[in-house]
Amino acid sequence: MSPTALLTRTDSPLLEADDLGVALGSMDTPIGQLNVAASSQGLVRVGFGYMEKIQDMMSELAELPHSMGQGDPAWLEEPIAQLHEYFEGRRQRFDLTLDWRLSHGFYRRVLDALTGVDYGTTVSYGELARMAGSSRAARAVGTAMSTNPIPLIVPCHRVVRSDGSVGEYGGRPEVKTWLIEHERSHRG
């Protein structure tokens, strides 16, 4: 794990006793660098280093409500350990508390439904729309996937086009293909 950056937001007039700081770290993986952010409430963000600079992620997280205090680097230990186990093929299900402050409404419903898609399997955008209770919202499901704040943990890589092709994944379909094949090769 690389050195951890701690985010502090001091410009808010709303100081509360239960400030939720955000700790930010990064890790190297077979698909490139991942940036990982956690609060005292759980894992809040996973970002792909090839898609966004860590400074951009820090700016996004600094805007979270109640992010005034400094985060504790210990909040990152379990998420990073479980991600390492996933990439080693030793973990098929994540056991983490998630901080959902970056996802709301329909998108959150879609992401909740997505957590029910098993390791090593895929569903189409239309199937996921039905699972989320909106059978005609396949395009909106695609948007929900592109705004997923916690990819890998909330497995948007398991959602494919109706013809079975992988489609886009942060501009790199080869990453999505790698993740699907990795899971299929380690499925028990």
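Which residue in β4 does S39 stand opposite? The structure examined here is a predicted model, in which local features need pLDDT of at least 70, side-chain atom pairs count only at pLDDT 80 or more, and totals for chains, interfaces and linings use all residues. Residues are numbered from 1 along each chain as its sequence is written, and side-chain values use heavy atoms, with hydrogens and water left out.

S39 stands opposite G42 in β4. Strands are DSSP runs of E with at least two residues, and helices are runs of H or I with at least four; both are numbered from the N terminus. Strand β4 covers residues 42–48 and runs antiparallel to β3, with six bridges joining them. Two strands pair if DSSP finds at least two bridges between them. The link from β3 to β4 is a hairpin through two residues.

Strand β2 (residues 22–29) also pairs with β3. Their sense is antiparallel, over seven bridges. M27 has L34 in β3 as its bridge partner. Two residues lie between β2 and β3 in their hairpin.

Strand β3 spans residues 32–39.

Elsewhere, E78 belongs to helix α2, residues 77–87. E78 has 44% relative accessibility and therefore counts as partly exposed, a class that lies between buried and exposed, the latter being over 50%.

Key:
Buried < 20%, exposed > 50% of the residue type's maximum accessible area, 1.4 Å probe, protein only.
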